[in-house]
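Please read them alongside the sequence and the model.

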Amino acid sequence: MAFNLQDLVLPHIQAMKPYSSARDEFRGDGMVFLDANENNLGSVGTSEALNRYPDPIQLPLKEKLAHLNGISEKQIFLGNGSDEAIDLLIRLVCQSQRDSILVQPPTYGMYAVSASLNQTEVQEIPLKPDLSLDVKAIVAAIRAETKIIFLCSPNNPTGVTLAPEQIKDVLIAANCLVVVDEAYIDFSRSPSVINWLDEFPNLVVLRTFSKAWGLAGIRLGAAFASEEIIRYLTKIKPPYNVNILTQRAGLAALDSADEMKEYVNQVISERERLHQQLKKLPAVVEVYPSDANFLLVKFDREVKPIYDTLLAEGVVVRDRSKVLYCENALRFSIGTAEENDKVIDILTDKL
Ligand SMILES: *Cc1c(COP(=O)(O)O)cnc(C)c1O
């Protein structure tokens, strides 16, 4: 069955009128703005002019991103982190208490959290034990109620980039949305699937400024998709979802894209160094190959005491031992060289 977005977008969203902000109609300098009940006298506690509502369509930022990614600015949605895009996508197509999303454990937790908030069922089709996609099982699990398939590539917490041919197989078989979360793609050897947007009208690609760009604190994420999908996301988003300071920082970052690549190279080289050192520890059973900015490490014992030891020394890592395939595993974000050395020292001395 062919993909048809109109069949997927919930009728009440198709029918609803979006909030129209006063500033949608008039922009530009030299105007006297008395339309939005702002404080025209100034901003408290800062010499910066923050008294105006931010640009609701964030066009300059989108134009730069479009240029960098070889797509149209009309194919870009910007959100308060990519988590906002996840939430809005679910609310766009999933009818509460009827529809479902499909995820592949172990994976990023926000898909299920946003689904729960929307009373949307989560169908779980685990990755294969080799941490690749089980395409056959995914395709077999697609029901009329399945409205979004989330694929995370590279995946969190496994660090594995999904095979492009497998992603393509899912895109071909599914007549629902297929969201490919590329939060870690800058660290991966594999190319992005963003070039497939023209070929697959059901594809949504998620990106974030929180990882490679080093801007988790500004909360800025993006969804790339067909113009049609982006129009709907824009229709239902909170009007001023990306604040002025964030837009400014995002623009500055895109002007320094080379700096991002430099960080990525450093993180990758530290990742490989940490990988080699962790592998040598007797208590380490396996360090999973990673295409991301973290390492999943399996130990020969319960990890709670190891976690506590690290914590006592002031190092916070992520205990993933309760999730599928990750028994006795901790996830280590790649730190500075000094921080990574500290991890190795602690684990060498205390295990
Ligand atoms: C960190 C992460 C994100 C980022 O979300 P933001 O809301 O943009 O910070 C998205 N997806 C995955 C898989 C992540 O690990």
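1. Contact, as used throughout, means heavy atoms within 4.5 Å. The model is predicted: local features need pLDDT of at least 70, side-chain atom pairs count only at pLDDT 80 or more, and totals for chains, interfaces and linings use all residues. Residues are numbered from 1 along each chain as its sequence is written, and side-chain values use heavy atoms, with hydrogens and water left out.

2. Ser132 is placed in the loop between β3 (121–124) and α6. Helices (H or I, at least four residues) and strands (E, at least two) are DSSP runs, numbered from the N terminus. With its neighbours within four places in sequence left aside, Ser132 is in contact with Leu127 and Gln166. Its relative accessible area is 18%, so Ser132 counts as buried; the classes are buried under 20%, exposed over 50% and partly exposed in between, with a 1.4 Å probe and protein chains only. The side chain of Ser132 also makes a polar contact with that of Asp130, at 2.6 Å. Such a contact is a pair of N or O atoms within 3.5 Å; within protein, one must be able to donate a hydrogen and the other to accept it, and residues adjacent in sequence count only if both atoms are side-chain atoms.

3. Gln166 belongs to the buried residues of helix α7 (residues 164–173), together with Ile167, Val170 and Leu171. Seen down the axis of α7, these buried residues fall within an arc of 140°, so they line one face of the helix; the arc is that of the directions from the helix axis to the C-beta atoms. Glu165 and Ile172 are exposed on the other side of α7. The cover over the buried residues of α7 includes α6 (135–141), β4 (146–152), β5 (177–181) and β6 (203–208).

4. Trp213 lies in the loop between β6 and β7 (221–224) and is buried, with a relative accessible area of 16%. Leu254 is 41 residues from Trp213 along the chain, and their C-alpha atoms are separated by 9.1 Å.

5. Ala257 and Met260 are among the buried residues of α10, as are Val264, Glu270, Arg271, Leu274, His275 and Leu278. The cover over these buried residues includes α9 (244–254), β8 (284–287), β9 (294–299) and α12 (337–350). What span should helix α10 (residues 257–279) have? At 1.5 Å a residue, its 23 residues should span 33 Å, and its end C-alpha atoms are 33 Å apart, which agrees; the expected span is 1.5 Å times one less than the number of residues.

6. Met110 lies in helix α5 (residues 110–117) and is partly exposed, with a relative accessible area of 25%. Residues up to four places away in sequence aside, Met110 touches Asp83 and Ile86. Met110 and Ile86 are 24 residues apart in sequence and 7.8 Å apart in space, C-alpha to C-alpha.

7. Overall, the protein chain has 12 helices and 11 strands. For 351 residues, a compact globule would have a radius of gyration near 20 Å, and the protein chain has 22 Å, which agrees; the radius is taken over C-alpha atoms, and the globule rule is 2.2 Å times the number of residues to the power 0.38. Of the 351 residues, 50% count as buried.
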